Amino acid sequence: MEIFGISTALLGSQLLVGLINGSFYAILSLGLAIIFGLLNIINFCHGAQYMMGAFVAWIALTRFGISYWVALIAAPLIVGLVGVLIERLMLRRLYKLDHLYGLLLTFGLALIFEGIFRDQFGISGESYEVPELLSGGVNLGFMFLPIYRGWVIIASLTVCFGTWYMIERTKLGAYLRAGTENSAMVQALGINVPLLITFTYGYGVALAAFAGVLAAPIFQVNPLMGSNLIIVVFAVVVIGGMGSIMGSILTGLGLGLIEGLTRVIYPEASSVVVFVIMVIVLLLRPAGLFGKS
Amino acid sequence: MNAPASFAESKLPLLLGVLFVIGLIAPFAVYPTFLMKILCYALFACAFNLLLGFVGLLSFGHAAFLGTAGYVCGMMVRDVGVTPEVGILAGTVAAGLLGWLFGSLAIKRTGIYFAMITLALAQMVFFLAIQIKQTGGEDGLQGVPRGHLFGLLDLSDNIAMYYLVFAIFCFGFFIIYRTIHSPFGQILKAIRENEPRAISLGYDVAKFKLIAFIISAALAGMAGATKTLVFQLASLSDVHWHASGEVVLMTLLGGLGTILGPIVGAATIVALQTQLADSVGSWVTVIMGVIFVICVLSFRRGIVGELQALIKRSGVN
């Protein structure tokens, strides 16, 4: 079967890859947006924390025989806890300064994390086996769908929309949104804002680590896997604007799909298409698609 | 900073004179290639500092200018066969044009977004450098000849090359010094301190930012093109975001917004990397990260900034 001279199997599989990349963009840009909303910093070590999530899962499986399912919960908790420590010990000292210092601090941390993991594990990358329950695939008629890839999309969408629900519909989320608007006022109303900030950073980091565990069986577990991804995610964030939670999710997914489509039509451009879209958005709508100027 | 007759400002010409003399005799005491590397990175950091220290714009993509100019210079000298000064000029112009392009996009946003946009644009340059054939991909441009300056002076001699690099550095530094100490530079500082106020005073802030961005990009390119001639190599690592991060670190460590800080920072980092490369290998990245964290947490004024504060406190005037 062919559409415009492109086989549907090729189109389908590339769109699937695009959707998977898009789900990672969505989780990562969502985490960045939540952290930015309350802390006003861009978490440069988000990519490193994503990488750490994947490595924690890999170490747990190969050294201790801990299964994928346990790692899916435990790795975000462990990496999130590291995030909590970072917030309590370092980021907290910078809130009164220019926001750029937060960016610089987390950049330094990203170098440290990446350097340590590169020294311990090299740069060749380690493979992580797909858990038994999710191995194999189904034939959809026009294309072959590996079950694990379907699971990644479902799991990440669930987490994204769960997070959206928590922020937009629950009491905790209401505190968080209020804190984003005016944290001094929220504090005056008797809500423990510093604790809220710590929790928010930890949660954003845990999201990155969760994406890392999901990514482990698809991509090579590699110390540099995060830094290559995070710069694309920065472009995604610029395109979407960090003003809206749903905006980050939709922008992430959409750009993943566009990237997949580009890979079918003009493969050479697929690595830069997100950046080109960023340029176009900056020219037409500098505040970003969902941003408030 | 604001008292014009402070020690640091009044003694600056003297200090620069001393540094100039040291620069002249240094190649007889220290390995010239090492000095040339320091000078290239010092110029790179000074150009970067013009933007961050004096306009308050954090560019996280300055590697794009360093690397692009390096490639252009390398191609012109090796494949077209022009003389070195033309190659450096071509690299500088190319970086300036790229800076004009990136600058006009990036100044549409400020603060954190500005940093992310410059980073993303630079990453696009990195991907292009990997893909197109002319840059040599992973191998880079190797065997770029140093050639003869103006077709006369043989630059394969390290001492001759050193004085060319030193002259280029002084020229670039002079441009930055003049920019900062001109009415134009005062307006840049006004934008840094209070942008809405500068707008309300009638200044076309976007235009000033863009001009500063282009000057900074072109000078970063001049450093990159010169570096290509020194090492006879233009490589992918110069367009990588690590190089962008390195220049931020050099500036921060030396002293943000000080004239001499970036030079001190560049010398310190290059010396440290050279020393550490032998002893600790891949831990260099970790150590750079640790210095970054320490600088941000408790050493925000940098080496030169701290020294200035020390002199001010001790009451010397």
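The model is predicted, so local features need pLDDT of at least 70 and side-chain atom pairs count only at pLDDT 80 or more, while totals for chains, interfaces and linings use all residues. Residues are numbered from 1 along each chain as its sequence is written, and chains are lettered from A and ligands numbered from 1 in the order in which they are written.

**Exercise 1.** Describe the side of chain A that touches chain B.

Solution. Start with the count: 32 residues of chain A are in contact with 33 residues of chain B (contact: C-beta atoms, placed from the backbone, within 7 Å). Next, assign them to helices (DSSP runs of H or I, at least four residues, numbered from the N terminus). Helices α4 (100–121), α9 and α11 (273–284) of chain A each supply at least two residues, and α4(A) gives the largest share, 15 residues. Last, sort by class: 23 are nonpolar, 4 polar and 5 charged (nonpolar: Ala, Val, Leu, Ile, Met, Phe, Trp, Tyr, Cys and Pro; charged: Asp, Glu, Lys and Arg; polar: the others, Gly among them).

**Exercise 2.** Work out how α9(A) and α6(B) are oriented to each other.

Solution. Take the geometry first: α9 (residues 225–240) of chain A and α6 (residues 111–131) of chain B pack at about 130 degrees, with axes 9 Å apart (axes are lines fitted to C-alpha atoms over the stretch in contact; angles run from 0 to 180 degrees between N-to-C directions). The two helices are therefore oblique (under 35 degrees is roughly parallel, over 145 roughly antiparallel, 65 to 115 roughly perpendicular, the rest oblique). Then list the residues: α9(A) contributes Ile231(A), Phe234(A), Ala235(A), Val237(A) and Val238(A), and among those from α6(B) are Met116(B) and Ala120(B). By class, this contact has 10 nonpolar, 1 polar and no charged residues.

**Exercise 3.** Classify Met166(A) as buried, partly exposed or exposed.

Solution. Met166(A) lies in helix α5 (residues 147–169) of chain A. Because 15 other C-beta atoms lie within 10 Å, Met166(A) is partly exposed (buried: 20 or more; exposed: 12 or fewer; partly exposed: in between; C-beta atoms are placed from the backbone). Beyond its neighbours within four places in sequence, Met166(A) is in contact with Leu172(A) and Gly173(A).

Technical notes: Two residues are in contact if their C-beta atoms, placed from the backbone, lie within 7 Å.
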